[in-house]
Amino acid sequence: MNYELKIALFPGSFDPFTRGHQAIVERALPMFDKLVIAIGVNRAKKGWMPIEERLERLRMLYANEPRVEVVAYETLTMDLAEQYGAKYILRGVRSVTDFEYERTIADANRRIAGLETVFLIADADTAHISSSLVRELASFGRDVSDLLP
Ligand code: ADP
């Protein structure tokens, strides 16, 4: 049989992984056979939560979901996609600002690497959540548990 697994790559900083990200993963799982959550490591930026902790928390969160794999990467997203045999990139869209930013990247990924980007529109319940909001609140000692998985 010539059945090819549908593999999607969900790239992001996930600094930290929020309930908004989680909602996107949950909605995407029925669409794909496998989902690779890929934490982009930017060597020029220090980040808020250490990469190791981001990896560990995510792997724990999806420990019972064999179709989810969690990795960290420093390469081009399109190169990572090829490495995992992923033909799709998954992204969430909260706003027009997100959309404008995403369209250029999606276009490049399709033209250069033949990757299709699948966009899921954020649910109204979680659209307000961003990693930067979590970092800001946490830095002032606020409880952010409602915003995290
Ligand atoms: P990046 O630095 O690549 O934007 P993020 O970790 O901020 O990485 O986000 C990863 C993806 O998740 C992006 O597509 C972003 O638009 C999406 N996303 C972030 N927060 C939400 C949310 N609350 N609802 C839906 N999608 C979201």
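I took buried to mean under 20% relative accessible area, exposed over 50% and partly exposed in between, with a 1.4 Å probe and protein chains only. The model is predicted: local features need pLDDT of at least 70, side-chain atom pairs count only at pLDDT 80 or more, and totals for chains, interfaces and linings use all residues. Residues are numbered from 1 along each chain as its sequence is written, and side-chain values use heavy atoms, with hydrogens and water left out.

**Entry 1: T18**

I looked up T18 and found it buried, because its relative accessible area is 2%. T18 lies in the loop between β1 and α1; helices (H or I, at least four residues) and strands (E, at least two) are DSSP runs, numbered from the N terminus. I then listed its contacts, meaning heavy atoms within 4.5 Å. Leaving aside neighbours within four places in sequence, T18 touches I129, S130, S131, V134, L147, L148 and P149. For one of these, S130, I noted a separation of 112 residues in sequence and 7.0 Å in space, C-alpha to C-alpha.

**Entry 2: aromatic rings**

I searched the whole structure for aromatic pairs and found four. Rings of Phe, Tyr and Trp (its six-membered ring) pair if their centres lie within 6.5 Å; planes under 30 degrees apart count as stacked, over 60 as edge-to-face and the rest as tilted. The pair F10 and F14 is edge-to-face, because the ring centres are 5.0 Å apart and the planes stand at 65 degrees. F10 counts as buried at 3% relative accessibility, and F14 counts as buried at 3%.

F17 and Y62 are also edge-to-face, because their centres are 6.2 Å apart and their planes at 85 degrees. This pair links distant parts of the chain, 45 residues apart: F17 is in the loop between β1 and α1, and Y62 in the loop between α2 (51–61) and β3. Both F17 and Y62 are buried. I recorded that ring pairs link F10, F14, F17 and Y62 into a cluster.

**Entry 3: the sheet**

I traced an open sheet of five strands in the order β3-β2-β1-β4-β5, with parallel pairing; two strands pair if DSSP finds at least two bridges between them. The edges are β3 (68–73) and β5, each with a single partner strand, so one side of each lacks a neighbour in the sheet. Neighbouring strands are turned by 30 degrees against each other on average, direction ignored. Axes are lines fitted to C-alpha atoms, for helices over the stretch in contact, and angles run from 0 to 180 degrees between N-to-C directions.

β2 (residues 34–40) pairs with β3 in the parallel sense over six bridges, and L35 has V68 in β3 as its bridge partner. Helix α1 (residues 19–28) lies across β1 (7–12), β2, β4 and β5, and runs at about 115 degrees to β5.

The buried residues of α4 are D98, E102, A106 and N109. These residues pack against α3 (77–84), β4 (88–93) and β5 (116–121). Just after α4, G114 takes a positive phi of about 70 degrees.

In strand β5 I looked up T117, which counts as buried because its relative accessibility is 16%. Not counting residues up to four places away in sequence, T117 touches I89, R91 and A106.
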